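Today I opened the notebook to look up where this protein is packed and where it leaves gaps. Here is the structure I worked from.

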Amino acid sequence: MSFFKKLKEKITNQTTEVTDKFKEGLEKTRDSFVGRMNELVYKYRKVDEDFFEELEELLISSDVGVTTVMELIDQLKDEVRLRNIKDTKEIQPVISEKLAELLEKDGDDTTLNLQDDGMTVILVVGVNGVGKTTSIGKLAHHLKREGKSVMMAAGDTFRAGAIEQLEVWGERVGVDVIKQQEGSDPAAVMYDAVQAAKSRNIDVLLCDTAGRLQNKVNLMNELEKVKRVIEREIPGAPHEVLLVLDATTGQNAMSQAKTFGKTTDVSGIVLTKLDGTAKGGIVLAIRHELEIPVKFVGLGEQMDDLQVFDAEQFVYGLFRELVEAEAVEEE
């Protein structure tokens, strides 16, 4: 059975709503990436060095990342020799299969580290403009749908309007927001939020943080201070540090991940605005080059468009037409 056929069978057994989200959210990337790959297949009838050179360029321009692309091309060349593939049409399922393997890193856990006993504290970090506050609101909605009681802490006290934005989300999803005045000490806000969450037996406390200060060093120092206050009040917390990245910024998102990863012990990534870019290959670069799992992806503007990352759903969303076409052929 081919890879596409196996993928189709797996997806058929999963939630249709989730599959639709990935199909619609990856439309721009699919149209760009798969469209150009189809052109490449028609241009080259046989798999040769020229074909691989253009495939390499295609992948790099889709923000897959140079390091990831080089490894992927080497693996594809090995598979071509092993399977004795001559026709370029035969390599499309192999490319999809290798992309899926890159996405499904061994040991990666895309589920949130929610505590069975006691409160879970999730610290959300990221630079301004990536959709951090919106992601917190959508994450609160996601957790409430799972039956959790949720509270939000407005720790981004330096950006004008950030507190009000979180309050709007609090009203939309029916979650209380602990806040102080704009310009207040974020660590003091976190202390208040932890005490309030404890007194109300809240399951999950979502903490917004500053995205920009005078310089990068000040920002990282502020985040460290916030973490220390949380850990002092709840040993072992924060249980998750989620880094929000904007998929439309491509390789800039990678550099942000490396910077935050060095100083804040990031445990997972929330990749927003995947629906707004034709360069969704950034997911591959992040998954392969960073030792941080992608836990959520933003696939639209609606409240329930923040989805738990699923490698198989991602590959299916990317190669939907090819998967469907092969499934029909095999029937």
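I began with the core, taking a nonpolar core as a set of buried Ala, Val, Leu, Ile, Met, Phe, Trp, Tyr and Cys residues joined through side-chain atoms within 4.5 Å. Buried means under 20% relative accessible area, exposed over 50%, and partly exposed in between, with a 1.4 Å probe and protein chains only. I kept in mind that this is a predicted model, where local features need pLDDT of at least 70 and side-chain atom pairs count only at pLDDT 80 or more, while totals for chains, interfaces and linings use all residues. Residues are numbered from 1 along each chain as its sequence is written, and side-chain values use heavy atoms, with hydrogens and water left out.

**Core.** Which residues touch the most other members of the largest nonpolar core? I found Leu206, Leu271 and Phe319, in a core of 109 residues. Helix α6 (residues 92–103) supplies the largest share of this core, six residues; helices (H or I, at least four residues) and strands (E, at least two) are DSSP runs numbered from the N terminus. I then listed the contacts (heavy atoms within 4.5 Å) of Leu271, skipping residues up to four places away in sequence: among them are Leu245, Ile282, Ile286 and Phe296.

**Pocket.** Next I looked for open space on a 1 Å grid over the protein atoms alone: a pocket is an open set of points with protein on both sides within 12 Å along at least five of seven lines, a cavity is a set where a 1.4 Å probe fits but cannot get out, and lining residues have an atom within 4 Å of a point. The largest pocket has a volume of about 290 Å³, volume being the space filled by probe spheres set on points joined across faces, edges and corners. Its lining has 16 residues, and closest to the centre are Val18, His142, Arg145, Leu306 and Gln307. Helix α7 (132–145) gives the most to this lining, with four residues.

**Cavity.** I counted one cavity of 30 Å³ or more. The largest cavity has a volume of about 50 Å³, and its lining includes Thr29, Phe33, Gly280 and Phe314. Two or more lining residues come from each of α3 (27–43) and α13 (311–318).

**Thr110.** Is Thr110 buried or exposed? I noted it as buried, because its relative accessibility is 18%. Thr110 sits in the loop between α6 and β1 (120–125). Beyond its neighbours within four places in sequence, Thr110 contacts Arg287, Val294, Lys295, Val308 and Phe309.
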